[in-house]
Amino acid sequence: MPHRSSNFKPILLSSIALVTSVGPAPAYLEAQGCEKTHPARIALLAGGYATITTTAIALRHDVWWITPRTGFHVAWGESPSRGQDRLLHATVSYHTSQLGALAWEWACVSPTTASWLGAASALAFQLPKEIGDGLHQDQGFSASDMLFATGGALLPALHRQVPSTRVFQLKLSYWPSEELRHPAPFPTLENDYAGQRYFLALNPGLIPGGVGPWPDWLGMALGHSVSRWALGPGEHQWYLTLDLNLRGLPIRGSAWKTFATLVDQLHLPLPGIRLQQGDVALGLF
């Protein structure tokens, strides 16, 4: 029986928030002329974090933690989702880190400091859930989940400090699985691992100045998913596909930049191959 405790990670909300803020943010920050940090805005960010965290725990407590409380313990075990949960942690941290950096820049923190504070904020959003896991019998504080989350959180900061690293991105795609439509108590949208695909995209066009004749809008992506999770043992599914980078298209305008930045957080179905238990399939993935 799969682990019932769901990992409340608002993937779609984080992507939408990133979309709506990342486009106009640079122009807004430049227009407001940050000369020093704004303590009131920093306090507002801290209050927002406390409110969101408290609300999430209050609403999801009985879903996350269904077993009696016990002593705190750390676990490093095999994921029943064959690694999907760890990739979920990494990808959500990646998006949240970008949002966090924008929020700290809004508080007029220097861009370099904001990038690292954004990474710290992404980890801070995952810590309360993991600490709660460590206090319950059927699970523990997952060292492996936090390791993946740390990698995802640090990548956007590295993008800012070393622009050439922007060639690598974490992307996701999602389509509700058959398991989610099955009349079973799980999975929920939060842990519909069979419907989630996570990709490491390689887009040379994101390097400042481009890469010679290579088209700025085209890349490659390595992805992972599982065939099932809740209704039986799943099998690894590996993908190698083309990847679209809308920001590489020769289109100008702030509205386009906002739209392209949003969509580029997602992997759109493109020609590729899927490898599962030695079987190779061609298609749009």
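This report covers a helix pair, a salt bridge and a nonpolar surface patch in a predicted model.

## Basis

Local features need pLDDT of at least 70, side-chain atom pairs count only at pLDDT 80 or more, and totals for chains, interfaces and linings use all residues. Residues are numbered from 1 along each chain as its sequence is written, and side-chain values use heavy atoms, without hydrogens or water.

## Helices H3 and H4

Helix H3 (residues 39–64) and helix H4 (residues 84–106) have axes that come within 9 Å and cross at roughly 150 degrees. The two are therefore roughly antiparallel (over 145 degrees). H3 brings Arg 41, Ile 42, Leu 44 and Leu 45 to the contact, and H4 brings Ala 103, Trp 104 and Trp 106 (heavy atoms within 4.5 Å). These residues divide into six nonpolar, no polar and one charged.

## Salt bridges

The whole structure holds four salt bridges (Lys or Arg side-chain nitrogen within 4 Å of an Asp or Glu carboxyl oxygen). Glu 105 and Arg 160 form a salt bridge at 2.5 Å, N to O. Glu 105 lies in H4 and Arg 160 in helix H6 (residues 143–161), so the pair ties together parts 55 residues apart in sequence.

## Nonpolar patch

A nonpolar surface patch has about 1000 Å² of accessible area together (1.4 Å probe). Its members include Phe 168, Met 220, Trp 238 and Val 280. Patch residues have over 30% relative accessible area and no salt bridge, with nonpolar side chains joined within 5 Å. Strands E4 (196–202), E5 (218–226), E6 (236–244), E7 (271–276) and E8 (279–284) each give two or more residues. Val 280 lies in E8.

Terms used:
Axes fitted to C-alpha atoms, helices over the stretch in contact; angles between N-to-C directions. Helix = DSSP H or I, 4+ residues; strand = E, 2+ residues; numbered from the N terminus. Parallel < 35°, antiparallel > 145°, perpendicular 65-115°, else oblique. Nonpolar A, V, L, I, M, F, W, Y, C, P; charged D, E, K, R; others polar. Patch = residues over 30% accessible without salt bridge, like charges linked within 9 Å, V, L, I, M, F, W, Y side chains within 5 Å.
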